[in-house]
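Please look through the sequence and the model below before reading on. The numbered points that follow are meant to be read with the structure open beside them.

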Amino acid sequence: DTEGLLRIKEENQKHYRRAQRHQEKKEKIQRHNRKLGDLVEKKTYDLKTQYEHLANLRRTHILELTSVIFPIEEVKTSMRDPADVSSESDNAMTSSTVSKLAEARRTTYLSGRWVCDDHNGDTSISITGPWITLPNNGDYSAYYNWVEEKKTTQGPDMEHNNPAYTISAALCYATQLVNTLSLILDVNLPKKLCNRQNADVSSRCIFTVFCSWYIYVCVWCFNSEFCGENLSRHRFTRAVRKLNANILHLCFSQHVNLDLLHPLHTLRNLMYLVSPDTENLGR
């Protein structure tokens, strides 16, 4: 029994020494984990700082781009509410008739359905200047109506102020701006719109983007879907839908307030996207 007791004591001492070694190893692993945790926390903070710095750079470049090259503004029109005009001409008009006229003014028949738009007839959105605008309610029927009329009318087109030209130019500029924003924000667009390089196209767009430490000078020879040949109604509406989808995708990626967006308001959605009030622009 004494010999057995000695053997058990020796085994217990071996287990105790092994337990001490395991405890030292455990403490060493804990110290290593704490060092790794501190390092990960520091790297996470540095990464967050770099993200914020990158977002500020993107935001600065976008604001420069949209203030110098592609300014987007709301243009007020001097149209009076027909309800007010009618009420002035007829003092006996009832309030229900006035409200119905006001409601009719806010309603547009667009692509086979009635669309309610509170800004209808009051404003339009301009890009690159007040002379290039798009209807606020997204009704671009003037373009393909003009195309269909040209098919039946022979001779040169002398109407330089045709709204179809303005719509085509505004959509072309919007396409260029969206493609440039996708590069700056590093966001892949869901729809592909033709704005590719083409050496045979005579129309050229030269613009300069001023950065904080260097200057980009980009010369684009573009062949946009909205410029050049006259598009049919199907091709035109298809291209507009793709452009609107790309704009909404960029808005979603930058966490633009969803209550401000409308699927048909092309330039208005862009205006909300690049607005200085957009807190997450550049994220």
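This is a predicted model: local features need pLDDT of at least 70, side-chain atom pairs count only at pLDDT 80 or more; totals for chains, interfaces and linings use all residues.

1. Asn-246 lies in helix α6, where helices (H or I, at least four residues) and strands (E, at least two) are DSSP runs, numbered from the N terminus. Is Asn-246 buried or exposed? It counts as buried because its relative accessibility is 1%, and buried here means under 20% relative accessible area, exposed over 50%, and partly exposed in between, calculated with a 1.4 Å probe and protein chains only. Leaving aside neighbours within four places in sequence, Asn-246 is in contact with Val-178, Leu-189, Pro-190, Lys-191 and Leu-193, contact being heavy atoms within 4.5 Å.

2. Residues are numbered from 1 along each chain as its sequence is written, and side-chain values use heavy atoms, with hydrogens and water left out.

3. For the overall picture, the protein has seven helices and nine strands, and buried residues make up 36% of its 283 residues. Among contacts between residues at least 6 apart in sequence, 64% join residues at least 24 apart.

4. Helix α6 (residues 233–253) also meets helix α5 (residues 163–185), their axes coming within 10 Å and crossing at roughly 35°; axes are lines fitted to C-alpha atoms, for helices over the stretch in contact, and angles run from 0 to 180 degrees between N-to-C directions. The crossing of α5 and α6 is left-handed, a term used if the near helix is turned anticlockwise from the far one by less than a right angle, with right-handed used if clockwise. Among the residues that make this contact are Leu-171, Ala-174 and Val-178 of α5, together with Phe-236, Val-240 and Asn-246 of α6. The residues of the contact of α5 with α6 divide into eleven nonpolar, three polar and no charged, where Ala, Val, Leu, Ile, Met, Phe, Trp, Tyr, Cys and Pro count as nonpolar, Asp, Glu, Lys and Arg as charged, and the others, Gly among them, as polar.

5. Helix α5 packs with α7 as well, at an angle of about 35° and with the axes 11 Å apart, and this crossing is left-handed. On the α5 side the residues are Leu-171, Ala-174, Leu-177, Val-178 and Leu-181, and they meet Thr-266, Leu-267, Leu-270 and Leu-273 in α7. The residues of the contact of α5 with α7 divide into eight nonpolar, one polar and no charged.

6. How many of the eight residues of α7 are buried? Seven of them are, so that α7 can be described as mostly covered, given the cut-off of under 20% for a buried residue. The buried residues include Thr-266, Arg-268, Asn-269 and Met-271, and what covers the buried residues of α7 includes β1 (72–76), β4 (123–127), β5, α5 and α6.

7. The structure holds one cavity of 30 Å³ or more, and the largest cavity has a volume of about 40 Å³. On a 1 Å grid over the protein atoms alone, a cavity is a set of points where a 1.4 Å probe fits but cannot get out, and lining residues have an atom within 4 Å of a point; grid points are joined across faces, edges and corners, and a volume is the space filled by probe spheres set on the points. Ile-125, Leu-134, Pro-135, Asn-136, Tyr-140, His-265, Thr-266, Leu-267 and Arg-268 line the largest cavity. The elements that give two or more residues to this lining are β5 (133–135) and α7 (266–273), and α7 gives the most, with three residues.

8. Asp-186, in the loop between α5 and β6 (195–197), has a phi near 60°, a positive value in a residue other than glycine, and Asp-186 is exposed because its relative accessible area is 60%. His-255, found in the loop between α6 and α7, also has a positive phi near 60°, but His-255 is partly exposed, with a relative accessible area of 47%. For background, most residues other than glycine have a negative phi.

Conventions: On a 1 Å grid over the protein atoms alone, a cavity is a set of points where a 1.4 Å probe fits but cannot get out, and a pocket is an open set with protein on both sides within 12 Å along at least five of seven lines; lining residues have an atom within 4 Å of a point.
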